[in-house]
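Dear colleague,

Please find below the structure I promised to hand over, followed by an account of what was found in it. I would be grateful if you could read the account alongside the coordinates.

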Amino acid sequence: NGGGMNGTSTMMDFLEEPLPGVGTYEDFNTIDWVREKSRDRDRHREITNRSKESTWALLHSVSDAFSGWLLMLLIGLLAGSLAGLIDISAHWMTDLKEGVCLAGFWFNHEHCCWKSNTTFTDRDKCPEWKSWSQLILGHGEGAFAYILNYFMYVIWALMFSLLAVLLVKGFAPYACGSGIPEIKTILSGFIIRGYLGKWTLVIKTITLVLAVSSGLSLGKEGPLVHVACCCGNILCHLFTKYRKNEAKRREVLSAAAGGGGARGFWGALGGVLFSLEEVSYYFPLKTLWRSFFAALVAAFTLRSINPFGNSRLVLFYVEFHMPWHLLELVPFILLGIFGGLWGAFFIRSNIAWCRRRKTTQLGKYPVLEVFVVTAITAILAFPNEYTRMSTSELISELFNDCGILDSSQLCEYVNDFNSTKGDDLPDRAAGPGVYTAMWQLALALIMKVFITIFTFGMKVPSGLFIPSMAVGAIAGRQVGTAVTRSQSDLRRAVLAGGVTRMTVSLVVIMFELTGGLEYIVPLMAAAMTSKWVADAIGREGIYDAHIRLNGYPFLEAKEEFSHKTRAMDVMRPRKNDPPLTVITQDSMTVEDVETIVTKTTYSGYPVVVSRASQRLVGFVLRRDLIISIENARKKQDGIVSTSVICFTDYCPPLPPSSPSVLKLRSILDLSPFTVTDETPMEIVVDIFRKLGLRQCLVTHNGKLLGIITKKDVLKHIAQMANQDPNSILFN
């Protein structure tokens, strides 16, 4: 009895109050969705119960419920402000490559001519805007002036791109690329510390402006999703329920992903659908409405900051003169086939190039790569007016609805006064300008198709939607001109469906960009055809392909697992492997546990009654064990290497001379997910997908046999698909 009383008196539940760090996760680990959702339910239940006790507690309950909407408002305001700043800066710096405004160097070409008080015939040649040859030589005509403008264009492009890659390399390596593959992985539960941090946000914003302004074949829509998610992650720290719960934070990030770059109602809706269809892993109904709210706030904030960026609430407005006819679906479908073929070609070529970059010496010289690609792009782009202009301006030019007074080469039709066909331009004969424009567009198409392969994936911020849209717009304009129909009928068809495999969200985004509600059915036909053709060649979209290339532990919810394997075929330990590392519930000392933690790298350990019985008690995380033992040694008297660790409510009696017992039941997961050894892997994979599990324990008649981790599942899926299972790089 004395021994029992002494044992009880020296026991202490060290974790009666939560310790800092317990319940958190290390870098490059997966969160426990089940535990995070359970903790949030407990928190919400406690707040609800307390709200009945006092007025202050009731107000706290109301503020807690409203905090999600307030957070969405702040995210929308910040993301929209940054998007507006990026738009304005990129437009000005793009025009800076060709000249400067004498009325104020801070004006871009368009705004400079708007402010002109003199009359001029060509909309692009106002007296206040001077090219570099006019500024330096005093005139803009002649071979030397052309060479000087050419030289300045290339120099500015190189300066912008080099500054971008040096900033990324020196301050925020995570600021490169589009960010969408990594965001998809993060939203699935993976931890990448710093990817959505403050430095990444600052450097991504600055370098995105520089990369777009350099004239590289890239866009800013994908990186704007990354920027919006950075805003969401940073602002989450203002609210306790999002700061301390990784699952709740991912709800916010899913909502924020839908608000990046939205410009109006349809843009907000398209962004939400994009987040739902392409990015998000967990998207409950309340997140849908909050995402739409954040996207609307971001859109109207962007319009408030940059009201003159476009004259309408759409980027590339198209005016429709006539309704489409059923027969016209044929060229739309043909464009969809072309888009699917190009999408599949682009994905395979880009992944092959990126893999070569990772596995050869080329990947060690990102600055040199950016320099070479920028130099080639600028040298090839300047002679052709359709590649010299920015990609957004090119698309706007292609979407331009030809009028009688339009001076564009694309609208140079012969004015036959004896014709009885009226003023409808497509009924007139094409002039020499149209044929010149078609050749230039053909060269621009070839350049865009190939140069984008080498651009996407470099160590600068780079989006893919606008370059894909440019390729599709060029092809659509050429087809539209070839069939001598209205110039606005066909040129909106885009190739993004073949690259990203988006469908509904792509059509809604296209409606936002063009205002073309009447042509939603033909656009949907083109997008679906593009997706079907690309899927027939390869199932992976560009973002999924980059996830697999980088070895991120992303379990795709859209793919089906149809192989007839069982849990025992995948679990560890396998045959001839060492036995499973376990911790007993009340018979191991601090030194024993520390030895296990030191000699292994596992993220957690099963807790059993005894090594002989192997009866499962629960599961404890490695990080929680380390933090708890370290803090107990510092703050709890009597905890030494020989102290027994107890994971139960009642520990066995110890001799009076025994050191204090360290009771760690609070960090033990008493309900780990288990399956039997005969469970089909088809069911196991489905469980991992839908519950977001980190690991699952395998039992036989209640006896612990092994463990299956998310990494084991991913490796097994890769092996069944005849892929390298060791390509899964992270724990």
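C646 and C651 are both buried. In this model, which is predicted, the two residues form a disulfide with their sulfur atoms 1.8 Å apart. The torsion about the S-S bond of C646 and C651 is about -120 degrees, so this disulfide is left-handed.

The structure holds two disulfides. The other pair is C101 and C112, whose sulfur atoms lie 2.1 Å apart. This pair links distant parts of the chain, with C101 in strand β2 (residues 99-101) and C112 in helix α4 (residues 109-114), eleven residues apart. The link of C101 and C112 is right-handed, with 75 degrees about the S-S bond. C101 and C112 are each buried.

Two further cysteines may be noted. C236 is buried, with a relative accessible area of 0%, and C354 is buried at 3%.

Strand β11 deserves a separate paragraph. Five of the six residues of β11 (residues 695-700) are buried, so the strand is largely enclosed by the rest of the structure. Strand β10 (residues 674-676) pairs with β11 in the parallel sense over three bridges, and V675 has V698 in β11 as its bridge partner. Between β10 and β11 the chain passes through helix α27 (residues 681-691), and this β-α-β crossover is right-handed. β11 also pairs with strand β12 (residues 703-709), here in the antiparallel sense and over six bridges. In that pairing, Q695 has T709 of β12 as its bridge partner. β11 and β12 form a hairpin with two residues between them. In its turn, N701 has a positive phi of about 55 degrees.

I also looked at S81, which lies in helix α3 (residues 55-96). S81 is partly exposed, with a relative accessible area of 29%. Leaving aside residues up to four places away in sequence, S81 touches T301 and I305. The C-alpha atoms of S81 and N306 are separated by 9.2 Å, although these residues are 225 apart along the chain.

Finally, a word on confidence. The protein chain averages a pLDDT of 84, and 84% of the residues score at least 70. Over residues 419-423 the pLDDT is below 50, and this stretch has four contacts in the model beyond near neighbours in sequence. Residues 485-492 also have a pLDDT below 50, and that stretch has 42 contacts in the model beyond near neighbours in sequence.

With kind regards

Conventions:
Residues numbered from 1 in each chain as written. Predicted model: local features only at pLDDT ≥ 70, side-chain atom pairs only at ≥ 80, totals over all residues. Heavy atoms only, no water. Buried < 20%, exposed > 50% of the residue type's maximum accessible area, 1.4 Å probe, protein only. Helix = DSSP H or I, 4+ residues; strand = E, 2+ residues; numbered from the N terminus. Pairing = 2+ DSSP bridges. Right-handed = clockwise from strand over helix to strand, strands pointing away. Contact = heavy atoms within 4.5 Å. pLDDT = per-residue confidence, 0-100. Disulfide = S-S within 2.5 Å.
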